[in-house]
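Here's a quick briefing to read alongside the model. Have the sequence and the 3D view open as you go.

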Amino acid sequence: MSGEQPFSGGWDITQKVMPFAMVFGGCMTAIVAMEYVLKGDPKSGNLLTLSEFSFVLLAAIPGRLAPGTMRPRSLLAPWRSHAMHAALWISMSVLVNYVFNFGISVPMHTLFRSCNVLASVFLGWLVFGNRYSRSQLVCAA
């Protein structure tokens with residue numbers, strides 16, 4: 001060992017740029033792939049959504065298991081809350097996919113999907129009874 005610490009707290013360019021590059025590159029790759037798939041079959045948006053949810057579910061399983069066992073860790077929130085959030089996530093994604101029936105382009109679709117903060121605020125108010133301050137609403141808009 002050369003005496004170097006694995007993370008010294010200094011400013012390492014790869015530690016700052018790499019996560020951003022991977023997220024940005026992953027998102028852009030997904031958009032390009034989505035555009036190619038939807039050009040071939042404009043009604044395949046729900047299949048893409050199913051693929052996305054399946055991947056997220058499978059990727060989350062290892063993090064849900066208690067260390068050294070195959071038993072799931074206890075939940076921090078009640079099951080009902082998890083089920084409601086999952087149902088909202090799925091319904092919003094499926095509803096957004098229907099924009100392709102109106103001939104809307106993938107870049108415009110991406111813009112709609114990126115507006116999920118407004119939808120979350122609205123659904124939080126409507127379904128969960130959340131109250132937001134004026135400054136929170138201004139930030140969401």
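Let's start with asparagine 101, which is partly exposed, with a relative accessible area of 48%. Keep in mind that this is a predicted model.

**Asparagine 101 and its loop**
- You'll find asparagine 101 in the loop between H3 and helix H4 (106-114).
- Asparagine 101 and proline 42 are 59 residues apart in sequence, yet their C-alpha atoms are 7.5 Å apart in space.

**Threonine 49 in H2**
- Threonine 49 sits in helix H2, which covers residues 45-64.
- If you skip its neighbours within four places in sequence, threonine 49 has contacts with Ser93, Val94 and Asn97.

**Aromatic pairs**
- In general, an α-helix has 3.6 residues a turn, so residues three or four places apart point the same way.
- Phenylalanine 20 counts as exposed at 57% relative accessibility, while phenylalanine 24 is partly exposed at 47%.
- Phenylalanine 53 and tryptophan 89 make an edge-to-face pair, with 4.4 Å centre to centre and 90° between the planes.
- Since phenylalanine 53 belongs to helix H2 and tryptophan 89 to helix H3, the pair ties together parts that are 36 residues apart in sequence.
- Phenylalanine 53 is buried, at 14% relative accessible area, whereas tryptophan 89 is partly exposed, at 39%.

**H5 and the nonpolar patch**
- Which helix gives the most to the nonpolar patch? That's helix H5 (residues 116-128), with 5 residues.
- Phenylalanine 122 is in helix H5 and is partly exposed, with a relative accessible area of 46%.
- Val121, Leu123 and Gly124 are the buried residues of H5, and their cover includes helix H3 (79-97) and helix H6 (134-140).
- After H5 comes glycine 129, with a positive phi near 75°.

Terms used. Residues numbered from 1 in each chain as written. Predicted model: local features only at pLDDT ≥ 70, side-chain atom pairs only at ≥ 80, totals over all residues. Heavy atoms only, no water. Helix = DSSP H or I, 4+ residues; strand = E, 2+ residues; numbered from the N terminus. Buried < 20%, exposed > 50% of the residue type's maximum accessible area, 1.4 Å probe, protein only. Contact = heavy atoms within 4.5 Å. Phe/Tyr/Trp six-rings, centres within 6.5 Å; stacked < 30°, edge-to-face > 60°.
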